[in-house]
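Please look through the sequence and the structure shown here before turning to the notes that follow. They are grouped by topic for a reader who is new to this structure.

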Amino acid sequence: MAHAGSATSASDGGNWAALLLAAGTGAVVAAAASYYFHSQALAKFAEQDGKLKPQKMRKVTTAPARRAAPTPGVPLRQQRSQRNPQANPSNPYAFDPLAGSFSPGSLPGKLASSLDRQDMHALSAARLAAANASAAVASGLREGTFAADIRSMSAHSSVVGAAGAEEEEEKEAEEDDMAEEGEEAAEKKEAEGRGEARVKRAVSVQDSIHHPVSDPGTADRLRKAPEVEDYVRLNLYPQDMPSAEDEEVCVLLQECLQLRDKYVFREAVPPWHTDANTLPMPDPSDPFRYEPLPPSDHVIEMVDGVVKIFTDKEAKERGEELFPMHDATTFFTDLHRILKITSLGHVRSLCFHRLRLLEQRYHLHLTLNADREFKAQKSAPHRDLYNVRKVDTHVHHSACMNQKHLLRFIKSKLRKEPDEVVIFRDGKYLTLKEVFESLDLTGYDLNVDLLDVHADKNTFHRFDKFNLKYNPCGQSRLREIFIKQDNLIQGRFLAEVTKEVFTDLVASKYQMAEYRVSIYGRKMSEWDQLASWVVNNDLYCPNVVWLIQLPRLYNVYKEMGIVSSFQTMLDNIFLPLFEVTVDPSSHPHLHIFLNHVVGFDMVDDESRPERRPTKHMITPAEWTNPFNPAYAYYTYYVYANLYKLNRLRESKGLSVLKFRPHSGEAGDVDHLAATFLTAHNIAHGNNLRRTPALQHLYYLAQIGLAMSPLSNNSLFLDYHKNPFPQFFARGLNVSLSTDDPLMIHLTKEPLVEEYSIAAQVWRLTSCDLCEIARNSVYQSGFWHPTKAHWIGPRYFLRGPDSNDIHRTNVPHIRVEFRYQAWEAEMEYVYLGNAKLPQEIVS
């Protein structure tokens with residue numbers, strides 16, 4: 001076998017050389033190293049020493065040698081330096097086994113000083129190989145015998161088998177250099193974009209056992225090596241054509257997807273195709289700045305529960321309505337069509353089979369590519385689970401703090417502000433101290449157990465008891481004082497504890513939240529009151545956006561005499577929003593606040609029995625009975641008014657609000673059918689496990705599911721029965737959320753607690769967790785420039801081109817697998833004629 005170093009010389013312009021190293025006095029050291037360098041450097045080296053001649057590598061066997069005994073009275077460091085080969089300048093190949101480097105006076109040492117910066121990486125690799133060889137020598141000396149094979153080592157520390165491999169090695173080296181230069185250029189460009197100066201890595205060489213030699217090339221290989229894109233792909237053969245029955249099912253599924261496209265709101269121009277300077281989003285330097293806008297001539301009128309919009313009074317007289325949409329009868333007819341399709345036996349069977357196939361395909365992918373994914377993650381510098389962006393996509397603001405935080409805050413206020421008048425009860429005003437005296441409590445008595453806000457086994461399937469946990473110490477007056485914004489002190493305590501939570505989020509840097517605040521629909525002034533509370537208390541955080549949640553409590557308000565019909569409730573909820581959109585000066589605080597609001601939610605107990613809406617339902621003005629309307633009835637009228645509002649706001653260049661309700665936590669599956677037609681994302685979605693057809697449709701449409709396993713564990717579903725891991729394996733767009741940290745979680749970082757428990761119970765890998773975190777950013781309502789900064793400038797594309805592993809820590813392998821599985825499923829459903837968009841739907 002011919003080694004690369006045995007065929008090179010300065011005269012024939014070769015690029016490889018072998019250095020035969022042998023130590024002199026004291027001990028025999030055998031080591032092997034090779035180094036790739038330029039032909040000019042080799043010629044210069046040959047001129048300096050005519051003794052270096054090409055020679056074949058041979059096997060060298062050393063005789064047993066004993067280490068010299070220590071000399072009494074002489075320091076060990078001095079004896080070591082005397083045994084060091086550096087002390088013998090006559091040896092041209094001296095190597096120090098203790099320092100792991102060549103002697104400065106040796107020929108390799110001189111050669112190292114003449115090399116340019118580019119060759120330092122390869123030299124470091126040779127040094128590491130030599131250090132390993134010296135360790136083997138020391139071990140051999142202790143055994144009494146040692147035999148070393150001197151082999152030529154490449155710059156990548158791999159054995160070169162034949163002289164014909166030189167060209168291949170040179171080609172790989174050139175490709176590595178080009179990749180490194182491209183990566184450096186990209187890093188430099190990114191640093192310049194951030195206004196930061198590029199810092200060059202210093203190279204330090206120490207000749208002491210206490211200061212090992214640093215190897216800058218090792219860090220580059222371990223952390224910044226380009227990710228290998230290739231992986232084991234899965235193809236199913238043979239792929240039989242669908243049977244006649246399967247084709248019928250596919251046509252029905254296509255019909256369902258077309259019905260969703262018929263209803264769901266889509267922005268006319270996606271934000272990534274809009275100038276970033278014109279996007280409606282708050283300015284971080286002055287988030288509550290009011291910029292007066294001229295009012296428009298639009299005329300609004302509420303008719304049969306849905307607002308109608310006209311350009312002006314003349315258009316209203318002519319009946320020329322803007323933004324027409326489908327009426328309630330059409331919606332309920334289509335809803336029943338969805339329910340009928342998803343209940344058919346052959347539809348359920350095929351969808352179940354396709355979902356199982358997706359799940360098994362994912363597990364097979366992990367079997368073949370899990371190691372490749374982990375290796376790709378290690379190549380991404382800086383990123384790991386803790387410093388990728390994670391959004392808590394479902395959390396209620398009134399329960400955003402943990403119980404210890406609330407307890408500490410209550411004690412602090414009781415100690416610092418005992419004489420603050422906080423509530424009006426029983427015909428008189430009470431101070432904070434008097435409130436606690438009336439409860440026979442002191443600050444010393446308070447503890448987490450007495451606070452009693454944590455959900456326990458008594459709340460399981462008892463939504464009423466779960467809601468009572470919002471009352472600290474079981475007292476509604478403490479809830480009104482500390483976690484309500486419409487109270488005697490105008491929500492000052494709640495604003496202060498909210499700012500403390502904001503501070504924790506900013507300190508964590510990589511955790512975001514979407515807090516839900518309530519609008520009940522009891523009176524129109526609720527909007528101005530809420531907006532003033534946010535603006536006057538300066539409740540802004542770059543890690544937080546707001547959603548509006550609408551509790552479905554018509555029956556309660558009707559029983560109390562607050563509203564006369566369901567139409568009154570809709571008027572209180574939506575008319576102020578249309579008024580401020582037409583004329584921002586009519587509600588200035590509300591106009592500012594809506595720039596921070598990204599969506600609408602709809603909440604309450606879904607487990608209550610209800611009647612499914614028929615195709616011909618009475619209008620909201622006619623709904624005067626004391627019974628609560630069905631979930632689907634709420635859904636249509638909230639969706640319809642929100643659709644009209646978004647079209648109007650979009651036409652005026654204002655922000656839009658996405659429909660993201662609670663759905664599928666409990667109750668009937670028609671909740672999920674209604675939100676399939678209307679919603680962008682939903683919270684929970686556990687009941688999809690009961691209906692494979694709807695589950696398959698949610699997968700095909702990639703509707704986001706903000707799931708909260710710990711919250712479900714306290715209310716409706718045992719943790720081990722939660723379908724989250726199954727949904728994730730099948731490829732549904734799922735994320736983890738906290739729901740109610742006050743009642744559920746125990747730590748200062750509830751979202752990380754949610755991730756950690758899921759990882760332990762369901763054995764999720766780092767790649768899985770980072771993919772879930774990436775999904776949460778997609779589902780969130782944060783603005784386009786923010787998402788582009790968090791997960792990549794091309795995040796809106798489909799497939800691996802959208803991914804930036806240096807921001808998400810999700811390997812391209814995983815993203816490409818998910819896209820190919822979804823693409824194959826869409827092609828199957830559309831019988832090979834799928835027209836897949838290149839971008840995600842906004």
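**Briefing**

H405 is found in helix α11, where helices (H or I, at least four residues) and strands (E, at least two) are DSSP runs, numbered from the N terminus. This is a predicted model, in which local features need pLDDT of at least 70 and side-chain atom pairs count only at pLDDT 80 or more, while totals for chains, interfaces and linings use all residues. Residues are numbered from 1 along each chain as its sequence is written, and side-chain values use heavy atoms, with hydrogens and water left out.

**The chain as a whole**

- The secondary structure of the chain comes to 31 helices and 20 strands.
- Of the 842 residues in the chain, 51% are buried, a term that means under 20% relative accessible area, with exposed being over 50% and partly exposed in between (1.4 Å probe, protein chains only).
- Contacts (heavy atoms within 4.5 Å) between residues at least 6 apart in sequence join, in 73% of cases, residues at least 24 apart.

- Leaving aside residues up to four places away in sequence, H405 touches V497, E500, V501 and D504.

**Aromatic pairs**

- The structure holds 38 aromatic pairs, which are counted when rings of Phe, Tyr and Trp (its six-membered ring) have their centres within 6.5 Å; planes under 30 degrees apart count as stacked, over 60 as edge-to-face and the rest as tilted.
- The rings of F724 and W762 are stacked because their centres are 5.6 Å apart and their planes stand at 20°.
- F724 lies in helix α25 (residues 724-730) and W762 in helix α27 (residues 750-762), so this pair ties together parts that are 38 residues apart in sequence.
- F724 counts as buried because its relative accessibility is 0%, and W762 is buried with a relative accessible area of 15%.

**Charges over rings**

- The charged end of R522 sits over the ring of Y520, at 4.4 Å from its centre; the criterion is that NZ of Lys or CZ of Arg is within 6 Å of the ring centre and within 35 degrees of the ring normal.
- R552 lies over the face of Y634, 5.9 Å from the ring centre.

- Eight of the eight residues of strand β14 (residues 544-551) are buried, so the strand is largely enclosed by the rest of the structure.
- In a regular strand the side chains alternate between the two faces of the sheet.
- In β14 both faces are covered, with V544, W546, I548 and L550 buried on one side and V545, L547, Q549 and P551 buried on the other.
- Strand β13 (residues 511-518) pairs with β14 in the parallel sense over six bridges, where two strands pair if DSSP finds at least two bridges between them.
- Within this pairing, V544 in β14 is the bridge partner of A513.
- From β13 the chain crosses through helix α17 (residues 526-536) to β14 in a right-handed β-α-β crossover; right-handed means that, with the strands pointing away from the viewer, the path from the first strand over the helix to the second runs clockwise.
- β14 also runs parallel to strand β15 (residues 597-603), to which six bridges join it, and V603 in β15 is the bridge partner of P551.

**Other strands**

- Strand β11 (residues 421-425) and strand β12 (residues 428-431) run antiparallel and are joined by four bridges, with L430 in β12 as the bridge partner of I423.
- β11 and β12 form a hairpin with two residues between them, and D426 in the turn has a positive phi of about 55°.
- An open sheet of four strands has the order β17-β18-β19-β20, with parallel pairing.
- Its edge strands, β17 (662-663) and β20 (734-736), each pair on one side only.

**Helix α31**

- 14 of the 18 residues of α31 are buried, so this helix is largely enclosed by the rest of the structure.
- α31 is followed by L831, whose phi is positive, near 55°.
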